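The following exercises are to be worked with the sequence and the structure at hand.

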Amino acid sequence: MSRFKNAFPALIFIIVSIIVYLQALNIRTLKFGGALGGDFFPKVLSILMLVISVIWLIKEIVISAKKKSSVTAEQNNSNSWLKKGVRDVFIFLAVFIVYIFSLRYFGFLIPSIILVFFNFVLLKDDFNVKNLPVAIIYSLVVTVGLWYLFEKVFELVLPKGMFL
C-alpha cells in the first residue's frame, strides 16, 4: 500500500472535482445576459480538473508498479522531502496572507507579481540564483497576462489599491 502513496493526492483531486461539479449543478442560470450561465466556468474547470487528475492517477499507478527501489532509501528521501514540503506550505500560506492584506493598499498587480514569484520559487525543486531571471520574467508575464485577460478581455474590475 505504501508504494501507492503518491496516488492519494490524485484521488483527493478527483473527489474534489466531482464535488465541485455537483455543486455547480446547483447554480441557477439567469434568463438574461450572455449565452453562458454562471454555471459554465465551474463545470468546465471541474471537468478539466477531473480529466487531469485521472491522468495523474494513472501515471502514478504505472510509475509505482514499475518502481522497485529499496524501502529504506525511499523513506529517508521521503522524510527530507516531507519536511521541505511542510516548510514550503507554511511559507506560501504566510505570503498568501500578506498578499490578501496588501491587495487593499497596492491593488492587483504588485502583490500578484510577488505571490507568483514566491509560488515559482517554492515549487521549483532546485531553485538557485541562475533561475532568478526566469522567476522574475515568469511572474511578470503571468500576472500581466491575467490582468489583461480579466481587465481588457472579460472587462472585469480587479482590485485597485489606495496607494497605486
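Rings of Phe, Tyr and Trp, the last by its six-membered ring, pair if their centres lie within 6.5 Å. On this basis Phe-41, Phe-150 and Phe-154 form one aromatic cluster. The model examined here is a predicted one.

**Exercise 1. The aromatic pairs**

Determine how many aromatic pairs there are by this rule, and classify the pair Phe-92 and Phe-96 as well as the pair Phe-120 and Tyr-138.

Solution. 

Step 1. The count comes to seven aromatic pairs. In the pair Phe-92 and Phe-96, the ring centres are 6.1 Å apart and the planes meet at 20 degrees. Planes under 30 degrees apart count as stacked, so Phe-92 and Phe-96 are a stacked pair.

Step 2. Both residues of this pair belong to helix α3, where they are four residues apart, about one turn of the helix. In general, an α-helix has 3.6 residues a turn, so residues three or four places apart point the same way.

Step 3. Phe-92 has a relative accessibility of 27% and counts as partly exposed; Phe-96, at 32%, likewise counts as partly exposed.

Step 4. The rings of Phe-120 and Tyr-138 have centres 5.2 Å apart and planes at 40 degrees, so this pair is tilted. The pair links distant parts of the chain, with Phe-120 in helix α4 and Tyr-138 in helix α5, 18 residues apart.

Step 5. Phe-120 is buried, with a relative accessible area of 18%, whereas Tyr-138 counts as partly exposed at 40%.

**Exercise 2. The length and sides of helix α5**

Solution. 

Step 1. The buried residues of α5 include Ala-135, Ser-139, Thr-143 and Glu-151.

Step 2. Beyond its neighbours within four places in sequence, Asn-131 is in contact with Phe-120, Lys-124 and Asp-126. Just after α5, Glu-155 adopts a positive phi of about 55 degrees.

**Exercise 3. The nonpolar core**

Identify the residues of the largest nonpolar core and state which helix contributes the largest share.

Solution. 

Step 1. The largest nonpolar core consists of six residues: Val-95, Tyr-99, Leu-103, Phe-108, Leu-115 and Leu-158.

Step 2. Helix α3, residues 71–106, supplies the largest share of this core, namely three residues.

Step 3. The surroundings of Leu-103 can then be listed. Apart from neighbours within four places in sequence, Leu-103 is in contact with Phe-108, Pro-111, Pro-159, Lys-160 and Gly-161.

**Exercise 4. The salt bridges**

How many salt bridges does the structure hold, and is each of the residues Lys-160 and Glu-151 buried or exposed?

Solution. 

Step 1. The structure holds three salt bridges.

Step 2. Lys-160 and Glu-151 meet through their side chains, at 3.2 Å from N to O. Lys-160 is exposed, with a relative accessible area of 56%. Glu-151 counts as buried at 17%, because the limit for buried is under 20%.

Step 3. Arg-87 and Asp-88 form another salt bridge, their closest N and O atoms being 3.1 Å apart. Asp-88 counts as buried at 10% relative accessibility, while Arg-87 is partly exposed at 48%.

Step 4. Lys-59 and Glu-60 are joined by a salt bridge of 3.9 Å, N to O. Glu-60 is buried, with a relative accessible area of 12%, and Lys-59 counts as partly exposed at 44%.

Methods: Residues are numbered from 1 along each chain as its sequence is written. This is a predicted model: local features need pLDDT of at least 70, side-chain atom pairs count only at pLDDT 80 or more; totals for chains, interfaces and linings use all residues. Side-chain values use heavy atoms; hydrogens and water are left out. Buried means under 20% relative accessible area, exposed over 50%, partly exposed in between (1.4 Å probe, protein chains only). Helices (H or I, at least four residues) and strands (E, at least two) are DSSP runs, numbered from the N terminus. Contact means heavy atoms within 4.5 Å. A nonpolar core is a set of buried Ala, Val, Leu, Ile, Met, Phe, Trp, Tyr and Cys residues joined through side-chain atoms within 4.5 Å. Rings of Phe, Tyr and Trp (its six-membered ring) pair if their centres lie within 6.5 Å; planes under 30 degrees apart count as stacked, over 60 as edge-to-face and the rest as tilted. A salt bridge is a side-chain nitrogen of Lys or Arg within 4 Å of a carboxyl oxygen of Asp or Glu.
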